[in-house]
Structure formats: C-alpha cells, structure tokens
Amino acid sequence: MYKEPIFLKPVFKDRIWGGTNLRDQFGYEIPTETTGECWGISAHPHGPNEISNGPLKGMTLDQAWHKHRELFAGQEGDDFPLLVKILDAKTNLSVQVHPDDSYARDVEGEPFGKTECWYVIDCESGAELVYGHHACSKLQFEQMVSENRWDELLRKVSIKPGDFLYVPNGTIHAIGAGTIILETQQSSDVTYRVYDYDRRDEEGNTRELHLGKSIEVAMIPHLDADFDSVLSVNEDLRIKKLIKETYFTVYHWNLSGSVSKVENPSYQLVSVLDGEGELRMKQGASPFKKGDHFIVPSSVKSFSLKGDARFIVSHPTQQLS
C-alpha cells in the first residue's frame, strides 16, 4: 500500500464574492473569474478530491476513506472528518454562523456541525473580519437584527498576513474583502446566513437568509475561545502548533533547509502555502510546490523534508492526542 504522500486534485467553487487570486497567486486553473474556494483536501459529497498519484490514482478521497481505512490509522466513522480550503474573498462574505454536531444531525440530517479555523495567507492593508457580536442577550440580538443595526451589532477585527483565528460553532463571523485564507474545518457544508449586505445576483435576486436557525445556534453573548500556540524546532523545520481542540490540531510549518526525520504517528493533512521542496521516504522522493495539497498516510511512519516552504498541517485531534 501507499509508501508515499497521497496528492489530491483541487475542487473549485464559484462564489458571488470570489475573484482570481487562486489563479494569480497559486497558479490554479480556475473555472471562472469569481472563483472563491479551492477545496484542497475534501471527502465531502459536495466536492470530493480525486487522488492524482500512486496505486489509488483516479479514486476519490471518500472512496479511499471507505475502502482503505488502513491509510487513516483505522479511524472509525462513516465520514472523513476534516476539510481544508483556500478562500479568495474579493468582496465580503456573508455574515454567517454554523451549528454544532447535534443540531446538524437533528435538524439537517448531516453528520457534522462546523467548527473551523483560519490562517490568513494574505490580505489587503486595512482588511477586517467579522468575529463575534456585541449583543448581550438573545432578545437584544433579535432586536438589533430586526432593526438592521449591523454596524452596532457586528464585532470587527483587523487582520494581517500570518494571523490565526479559531471559529468554533456558534460564532457569528464573516471573512472580509481583500483576504486570502486557509480554512481547516469539520467536513461540513451547513451554513446559516445572518446578513448578506443586501447583495443581488445576476438575476437581481437576494440570497436566502436563515435568521431563525441562526439565532437558535448563535453563541449569545459572544465569548472568545482561549488557546495557546506552541513553537518547536526540528533541525531546519520550525513547527508552530496553532491550536489543539476537540476536532482538529493545526500547525504552521516553516522549512528552511532540511530535516532528517519527521514522525508520522497517524495521518496528516498538508497544504503548501509557499515555496517548494521534496518529501523523502525510503522508497523515494515526492516533490511538492506552492498550492499542492496532500495527505501523509499512516502507512508512512516517518519522512524527511528538504526545501524552502511554508505549510499548514492538520490532523484529527483524537488520532494524534
């Protein structure tokens, strides 16, 4: 079985707020001039990736998950747990909120709610995100929404490249214009729109809002989650653990040279943000470059790295605790 990384073909999504940075900065062949999302590591039915190398070439990630669970340390569950995206927000995303697992199962019939986190790859000067709100109670939240007091309600934070934000389910949030973000999340596509700036599509229609469900699942009042980053060094590889929480653990890797051994106790999801290099195993080397997404399966117990590159790496927390 696999003794090499599992490389994946990205899936792209056209969005009303999307642009061309996925092509201009990452070299992807995007389908439209309003391409908002690259699903880089996905087994979700709305956009599963095709495997592009090795014995399972041509199979989708969800098929590999069901047929070759040994590549994923035998992790249980009907559904691959995580989804990794790159988002290009040319304009503001809608203000939205996501449910927890139990609400998603009971109301939507979906296996997962959606907790996510964001690493800011790049953004324009002065870029902002919506992160939380200022309402003290559900009654006040509903009143401010009904009166369209969005500037008072929504909490905005300034961002810069390299920032990291944790967005647990129930958090009112929105990615702002001029921002490119890598998002690590539960494998869920359940989103409730709270506000969409009264935008209209090409046919003049506004997009659907989900105010009732939004108010049911929103965290009121908003509370920032506490988490600490931890830095470690392995030869020429600097590893910053950005967060460890219930569903995922996420790292930023900075490679400047080589590292002779990186342990792989289970399986890891890797997205190359910048640079290039190669991942070496006993059986040979696999080159990588900016924009690549791959999984190091549990059949690869350790590997070495050489190059100059930056990565976001993640894994399900319960597998590598």
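A pocket is an open set of points on a 1 Å grid over the protein atoms alone, with protein on both sides within 12 Å along at least five of seven lines, and its lining residues have an atom within 4 Å of a point. The model is predicted, local features need pLDDT of at least 70, side-chain atom pairs count only at pLDDT 80 or more, and totals for chains, interfaces and linings use all residues. Residues are numbered from 1 along each chain as its sequence is written, and side-chain values use heavy atoms, with hydrogens and water left out.

**View 1. The largest pocket.** Its lining comprises 20 residues, with Arg15, Glu37, Gln96, Thr191 and Arg193 nearest the centre. The space amounts to about 400 Å³, a volume being that filled by probe spheres set on the points. At least two lining residues come from each of S2, strand S5 (82-89) and S7; strands are DSSP runs (E, at least two residues) numbered from the N terminus.

**View 2. The open sheet.** Six strands are arranged in the order S2-S3-S5-S12-S7-S10 with antiparallel pairing; two strands pair if DSSP finds at least two bridges between them. Strand S2 (11-19) and strand S10 (164-167) each have a single partner strand, so one side of each lacks a neighbour in the sheet.

**View 3. Strands S7 and S12.** Antiparallel strands S7 (residues 116-123) and S12 (residues 179-186) are joined by seven bridges. Glu116 faces Gln185 in S12.

**View 4. The hairpin of S14 and S15.** Two residues lie between the strands, and Glu235 takes a positive phi near 55 degrees. Val230 is opposite Lys241 in S15.

Definitions and conventions
Helix = DSSP H or I, 4+ residues; strand = E, 2+ residues; numbered from the N terminus. 1 Å grid on protein atoms, 1.4 Å probe; cavity = no way out; pocket = protein on both sides within 12 Å on 5 of 7 lines; lining within 4 Å.
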